[in-house]
Amino acid sequence: MKNILNRLIQHELLSKDEAKTVLVNISNGSYNPSQIASFLTVYMMRNITIEELAGFREALLELCIPTDLSAYNTIDLCGTGGDGKDTFNISTLASFVTAGSGLKVAKHGNYGVSSISGSSNVMENLGIRFSNDQGFLEKCIDEAGICILHAPLFHPAMKNVAPIRKELAVKTFFNMLGPMVNPSFPKNQLVGVFNLELARMYSYLYQNTETNFTILHSLDGYDEISLTGYTKTISNAKEGMLKPEDFGVHQLSQQDIQGGVTVEAAAELFMTIITGKGTVAQNNVVCANAGMAIATVNQLTPMQGFELATESLQSGKAYSALKKLQQLSA
């Protein structure tokens, strides 16, 4: 690691194979916490290259405990986090709305690192059981339309990094990797990223896979559709720009989509929205994201997807998916 750090400090870049080797060595416990922290810090000071990101991703996918959900045409709705916006758990709510619409969702998530409450924090608070048991995950998808893939159970390679990330409490390149290392290798992905450069890198990496994808970045910094302005979209077929009017709704302010300041408050807000008691703004931003997931899988317009998402939320189907998952977890 000393040699790698010296090279990085001299502004050298790693090849894909070198990046992959470093991550494998981290998982093997070959480096001490100070070395790992230094390595992570380098990438807070400079941008990661496509080669480096590809190498890190390859290592994590090879080291993960895979789960085979290929019998289902699943989608994952996942953001990188790290946008510093402290919204409520929009993509997790959108995942249940998407499941309520009839699609199968394999939701990859983790505890919050740079935010107050990550997807796993809220799920755990609401009594959802985390498991990497194949039978349990298939039962969840069959009966609830959604399963929760809690990242630490599938990525044992990360155990040496998790405490360091928690202590650093800022975004690292692992934020960038999260959505790209779903251990079930879903056929469809709706991915939110925190800047345009990363959107381009994701697009490049995804184009070399068979994934049907849509990448999102709100131009004012959100890693999802925020409805606070324009959202850049990149998919297999095209690039575009979404505006609130494309969903038939008005532009929102940042205050409209703020999250809770504790995990408990975040879970309470989650329940308020999924049971149909959210504000119009909260409902719209959740359904815009779920709508894009539905549109991605079924090749629909954003407006068509939004209407199906709205029906799922307002009819209680999204809440039914959560209740079923809670029952299966009991």
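The legends below describe close-up views of a predicted model.

**View 1. Crossing of helices H4 and H11.**
Helix H4 spans residues 50-63 and helix H11 spans residues 196-206. Their axes come within 10 Å and cross at roughly 60°, and the two helices are therefore oblique to each other. The crossing in which H4 passes H11 is right-handed.

**View 2. Residues in the contact of H4 with H11.**
On the H4 side, the contact is made by Ile50, Leu53 and Ala54. H11 contributes Leu198, Met201, Tyr204 and Leu205. Sorted by class, this contact has 7 nonpolar residues, with no polar and no charged residues.

**View 3. The aromatic pair of Phe39 and Tyr43.**
A search of the whole structure finds 11 aromatic pairs. One of them joins Phe39 and Tyr43 in an edge-to-face arrangement, with 5.4 Å centre to centre and 70° between the planes. Both residues belong to helix H3 (residues 33-45). Because Phe39 and Tyr43 are 4 residues apart in this helix, about one helical turn separates them. Phe39 is buried, with a relative accessible area of 0%. Tyr43 is also buried, at a relative accessible area of 7%.

**View 4. The aromatic pair of Tyr206 and Phe213.**
Tyr206 and Phe213 form a stacked pair. Their rings are 5.4 Å apart centre to centre, and the angle between the planes is 25°. Tyr206 and Phe213 are both buried.

**View 5. A cluster of aromatic rings.**
Ring pairs link Phe39 and Tyr43 with Phe56, Phe173 and Phe174 into a cluster.

Definitions and conventions:
Residues are numbered from 1 along each chain as its sequence is written. This is a predicted model: local features need pLDDT of at least 70, side-chain atom pairs count only at pLDDT 80 or more; totals for chains, interfaces and linings use all residues. Side-chain values use heavy atoms; hydrogens and water are left out. Axes are lines fitted to C-alpha atoms, for helices over the stretch in contact, and angles run from 0 to 180 degrees between N-to-C directions. Angles under 35 degrees count as roughly parallel, over 145 as roughly antiparallel, 65 to 115 as roughly perpendicular and the rest as oblique. A crossing is left-handed if the near helix is turned anticlockwise from the far one by less than a right angle, and right-handed if clockwise. Contact means heavy atoms within 4.5 Å. Ala, Val, Leu, Ile, Met, Phe, Trp, Tyr, Cys and Pro count as nonpolar, Asp, Glu, Lys and Arg as charged, and the others, Gly among them, as polar. Rings of Phe, Tyr and Trp (its six-membered ring) pair if their centres lie within 6.5 Å; planes under 30 degrees apart count as stacked, over 60 as edge-to-face and the rest as tilted. Buried means under 20% relative accessible area, exposed over 50%, partly exposed in between (1.4 Å probe, protein chains only).
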